Amino acid sequence: MRTEDEREFTEYVGARLGRLHRAAYLLCGDAHRADDVVQSALTTLYVQWRKARAAEHIDAYVHRILVRRYLDEKRRAWSRVELRATGPERTAPDGYDVAERDAVLQALRELPVGQRTVLVLRYFCDLSVDEAARAMGCSPGNVKSQSSRGLATLRERLGATVVAAAGPEEERA
Amino acid sequence: MNGENEVRVLFAAVEAPPSRVDLDRAVVDGRRVVRHRRYAWTGAAAAVVAALAVAVPATLVHRPGTSPGPGNAPSSAPPRPTVCTVTRLAPPPGGGRAVADRIDPTGRYIAGARVLGDRDYFPALWTDGVPALVPVPGQSSVVFGVNAHGVLVGETQNNGTFVSAWVYRDGVPTHLTAPAGHPILEPTGVNAAGTVVGIAYTADDRAVAVRWVAGRYDRPEVLAAPKDAQAWGIDDDGTVVGQLGMSDGPYVWDPSGHGTPLARPAGYAGGSADAIRGDWIVGTASDPAGDPVPLRWNRRTGVVERLPGKGIGQSVNASGMVVVHGLEGAAALLDARGRAVTLPYPAGVAHPLPLAVADDGNVVGSTMGGAGTGSTDGGVVVRWSCG
């Protein structure tokens with residue numbers, strides 16, 4: 001990669017690293033594996049940067065790389081032990097409940113991989129159904145059905161939390 | 001409304017622990033891979049191949065000796081499936097992993113390397129399946145092209161810095177001379193006559209497409225283009241394929257050096273022409289959704305065709321068989337009708353990926369952990385014979 005490309009790469013990634021890492025954290029449910037997935041995805045993105053730039057919808061391209069790296073990771077045998085964060089408790093933002101975060105991660109973790117991936121892509125990464133389908137290499141119909149099943153399950157498991165977080169207007173929606 | 005907004009709110013509130021992701025490390029790892037860019041494509045887990053393969057029909061219908069492009073595709077007779085056998089090739093002497101990703105049009109010569117660590121490559125040439133090291137001086141050298149006479153072109157780097165580009169013929173390396181003001185060279189192909197094409201960069205990264213006519217390796221010719229350009233391959237008839245700018249699209253130069261853009265299907269943008277052989281050119285462009293997809297041009301009929309799946313057209317043979325690199329390092333072999341060919345794997349080897357195809361249906365492939373991915377997989381070279 002030439003200097004100019006490299007500058008574009010670092011600018012692009014620098015601006016999105018936080019969101020990418022949070023998406024990976026939601027997918028993996030584990031900070032270390034999220035780090036590994038993002039690190040590996042960035043190397044891939046660097047190598048394919050010229051093609052990625054030419055792809056125009058570069059964000060969708062990057063999400064696809066991230067999802068593929070995540071799925072690769074899942075396939076590896078070393079997804080074995082539940083590596084819960086063991087460091088000191090992170091400081092939560094004001095009004096933010098650590099127990100609530102853990103409940104969300106736990107509920108996500110209990111979903112099938114496909115449903116979890118669909119939910120994160122659609123409701124954290126804000127991909128459309130079609131974009132999520134491309135990122136996952138499946139049909140839009142598949143994305144829709146996994147979305148609705150995943151949402152139903154999350155709602156069931158997080159019922160109280162969902163109500164609390166979303167407020168009464170959302171309940172009426 | 002099934003709780004979508006509630007879930008958005010919940011996800012948005014999840015605070016991730018501090019990230020250890022290191023952008024500088026990604027750049028360093030990426031540079032290492034790009035230095036020897038061809039090998040980067042072999043880095044993905046074999047499972048990803050399945051993701052590409054499901055996107056295309058499973059029926060296999062290569063008919064050797066025909067060129068059934070869009071203009072003359074066989075219509076009714078049930079085509080005979082392409083059947084491939086696989087041979088695991090012996091590694092080059094000296095230990096380390098083996099990788100190979102170039103094959104000459106006759107299928108006799110396969111070029112690659114013995115790899116030590118993630119970064120030191122020692123060129124190797126398999127002749128009729130028998131490996132030998134190619135004694136090019138320097139810390140790390142990569143072969144980028146091999147022709148029907150076993151002539152190699154490649155590049156040598158020391159600690160990631162360009163040292164020289166060369167043609168290796170009958171045991172003797174000859175340096176390629178850089179055009180004025182463009183000291184960094186990346187040779188990309190050599191045809192049967194020994195004419196070499198490649199890319200030359202200025203110190204501030206402007207690129208030009210360059211040709212060195214056989215025997216005149218000290219006289220580089222910059223191929224005329226309206227802006228920066230890159231050459232990715234040369235046919236035996238002297239036609240050169242490449243790209244204009246960063247993403248202006250595929251470009252082709254006739255043997256006289258006159259360049260023209262290659263047409264893309266309506267709605268497709270950007271891209272490059274990556275390989276040429278006889279009637280066929282393969283390359284890449286972004287589809288209307290913005291995803292890179294493989295394209296194949298028939299030079300005789302002028303028809304351009306979008307091949308199935310997503311990815312980058314990387315190698316083509318005289319009958320139109322194509323190797324496509326998927327988006328994240330997967331790869332697939334397509335027959336002349338553009339359908340995925342099922343490749344057998346040797347026992348006990350992580351699935352190798354097809355990387356280049358010869359006119360006789362020989363296909364070279366490798367397994368290898370991608371540099372910088374932390375994987376230690378593979379390092380095995382295979383040859384499929386398909387027909």
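Start by selecting H325(B): across from it, in β24(B), is A331(B). Now extend the selection to the two strands, β23 (residues 322–325) and β24 (residues 331–334), strands here being DSSP E runs of at least two residues and helices H or I runs of at least four, numbered from the N terminus. The two run antiparallel and are joined by four bridges; at least two DSSP bridges are needed for strands to count as paired.

Before moving on, a word on ground rules: this is a predicted model, so local features need pLDDT of at least 70 and side-chain atom pairs pLDDT 80 or more, while totals for chains, interfaces and linings use all residues. Residues are numbered from 1 along each chain as written, chains are lettered from A and ligands numbered from 1 in the order written, and side-chain values use heavy atoms, with hydrogens and water left out.

Stay on β24(B) and show side chains. Which residues sit on either side of the strand? A331(B) and L333(B) are on one face, A332(B) and L334(B) on the other, and all four are buried (under 20% relative accessible area with a 1.4 Å probe, protein chains only; over 50% is exposed, in between partly exposed).

Zoom out to the whole of chain B. You'll find four helices and 27 strands, and 57% of its 387 residues are buried.

Hop over to chain A and pick T117(A), in helix α6 (residues 113–123). T117(A) is buried, at a relative accessible area of 0%. Beyond neighbours within four places in sequence, T117(A) contacts L27(A), V67(A), Y70(A) and M136(A) (heavy atoms within 4.5 Å).

Last stop: the cavities. The structure holds four of 30 Å³ or more, a cavity being a set of points on a 1 Å grid over the protein atoms alone where a 1.4 Å probe fits but cannot get out, with lining residues having an atom within 4 Å of a point. To see its lining, select L20(A), V38(A), A41(A), L42(A), L45(A), V62(A), I65(A) and L66(A). Which helix gives the largest share of this lining? That's α2(A), with four residues; α2 (31–47) and α4 (58–75) of chain A each supply at least two.

How values were computed:
1 Å grid on protein atoms, 1.4 Å probe; cavity = no way out; pocket = protein on both sides within 12 Å on 5 of 7 lines; lining within 4 Å. Points joined across faces, edges and corners; volume = space filled by probe spheres on them.
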